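Here is a short briefing on a protein model. Keep the structure in view as you read.

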Amino acid sequence: MMTVREEEFFKKYDAMMKQPIMKEFLKSGDNQRIFNKAINDMDKESIEQLNASFRRYYKNIILISYISKTIHFSAIEFDKKLRNYYKKNLPIPGVTEKSITQEKHLLMDLLMSTDEDTTFINFQLKQKNISDYIANAHLNSKMKLLSNKQLRILELIYIHNFNNKQIAKILNDSEQTISYNHQAALKKLRNACKQEK
Amino acid sequence: MENQILYEVENQDLERLLEIFRPAIKKSLINTRMQEREDLEQEISMKILEKLSYLQEIRTPDFFEFIEHHVD
């Protein structure tokens, strides 16, 4: 039941009271009580109390929105900066772009090679397993669900930054298979994590 | 807890703030390559830290200011 004063108030400020922020504010039982008391009594103390709780409520919302935006835009800004940096600074003086691609080819050749020379074995020993990169223990325990091939593909994509075409060459497989296995691996992990929940 | 973000900002508790916003931060990391994500996470934490005192100073309208200001 609304009192006469409350009705008057709602009539006068109809548009304002329909604003989402007002509705949300009054959803809390405490705020509703403070609001009713202030409208009905109109004494200084309860009005001050209403003002103060609304101010805090509003500020909280502004802060959430501000921090979320900060996170969102600094992520975008960071990536932009990084791209620019790579564009400007590579090739580094003295190193031509050609030699960088050559270097990448060398690594590719090494990964493709079937010869068992000692450098390659050492190189392989130094290679870290993809599980070493996953900090989330929960996800890490799910990695054993994947086949060796899938693990290898994830490793080449996420650690070495190769694209599908290059990985197809390394693993001597078709691009489609690589892409399929990549997606299948991610799907498997996703489902395994969902099920646990 | 009511108005938790405000509470943490007033206390300048960066750790707790980051903890609350952790999911949002993690989500924003997909903007960048795997190798740079840790750096980005640091960068975001820095940005929030830099803004903390500004956030504290933000002044919001009280109930009657809000309601009168928007009535025409």
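Is Ser74(A) buried or exposed? Ser74(A) is buried, with a relative accessible area of 4%. Buried means under 20% relative accessible area, exposed means over 50%, and partly exposed lies in between (1.4 Å probe, protein chains only).

This is a predicted model: local features need pLDDT of at least 70, side-chain atom pairs count only at pLDDT 80 or more, and totals for chains, interfaces and linings use all residues. Residues are numbered from 1 along each chain as its sequence is written, chains are lettered from A and ligands numbered from 1 in the order in which they are written, and side-chain values use heavy atoms, with hydrogens and water left out.

**Chain A overall**

- Chain A has 11 helices and 0 strands. Helices (H or I, at least four residues) and strands (E, at least two) are DSSP runs, numbered from the N terminus.
- Along the sequence, the pattern of chain A reads α-α-α-α-α-α-α-α-α-α-α.
- Chain A has 197 residues, and 30% of them count as buried.
- The accessible surface of chain A is about 13600 Å². Carbon and sulfur atoms hold 55% of that surface. Accessible areas come from the Shrake-Rupley method with a 1.4 Å probe; for residues, only the protein chains shown count as cover.
- Take the contacts in chain A between residues at least 6 apart in sequence: 56% of them join residues at least 24 apart. Contact means heavy atoms within 4.5 Å.

- The size of an interface is often given as the accessible area lost when the parts come together.
- Between chain A and chain B, the buried area is about 3900 Å². Carbon and sulfur atoms give 68% of this area. Buried area is the accessible area (1.4 Å probe) that two parts lose on being put together, summed over both.
- Chain A brings 39 residues to the contact, and chain B brings 41 residues.
- Across the interface of chain A and chain B, 12 residue pairs are in polar contact (both at pLDDT 80 or more). A polar contact is a pair of N or O atoms within 3.5 Å; within protein, one must be able to donate a hydrogen and the other to accept it, and residues adjacent in sequence count only if both atoms are side-chain atoms.
- On the side of chain A that touches chain B, α2 (14–17), α3 (20–27), α4 (29–41) and α5 (44–89) of chain A each supply at least two residues.
- α5(A) gives the most to that side, with 26 residues.
- That side of chain A divides into 26 nonpolar, 8 polar and 5 charged residues. Ala, Val, Leu, Ile, Met, Phe, Trp, Tyr, Cys and Pro count as nonpolar, Asp, Glu, Lys and Arg as charged, and the others, Gly among them, as polar.
- Ser74(A) is found in helix α5 of chain A. Leaving out residues up to four places away in sequence, Ser74(A) touches Leu40(B), Ile44(B) and Lys47(B).

**Salt bridges**

- Side chains of opposite charge can pair when their charged atoms come close. A salt bridge is a side-chain nitrogen of Lys or Arg within 4 Å of a carboxyl oxygen of Asp or Glu.
- The structure holds 16 salt bridges over all chains. Between chain A and chain B the count is 3 salt bridges.
- Arg56(A) and Glu10(B) meet through their side chains in a salt bridge (3.0 Å, N to O).
- Lys81(A), Glu43(B) and Lys47(B) are linked in a network of salt bridges.
- Lys47(B) and Glu43(B) form a salt bridge (3.6 Å, N to O). These two residues are 4 residues apart in helix α3 (residues 37–57) of chain B, so they are separated by about one helical turn. Lys47(B) is partly exposed at 23%, and Glu43(B) is partly exposed at 24%.
- Asp14(A) pairs with Lys18(A) in a salt bridge, with the closest N and O atoms 3.4 Å apart. Asp14(A) is partly exposed at 37% relative accessibility, whereas Lys18(A) is exposed at 54%.

- Most residues other than glycine have a negative phi.
- Met42(A) is not a glycine, yet has a positive phi of about 55 degrees. Met42(A) sits in the loop between α4 and α5 of chain A.
- Gln12(B) also has a positive phi, near 55 degrees. Gln12(B) lies in the loop between α1 (4–10) and α2 (14–28) of chain B.
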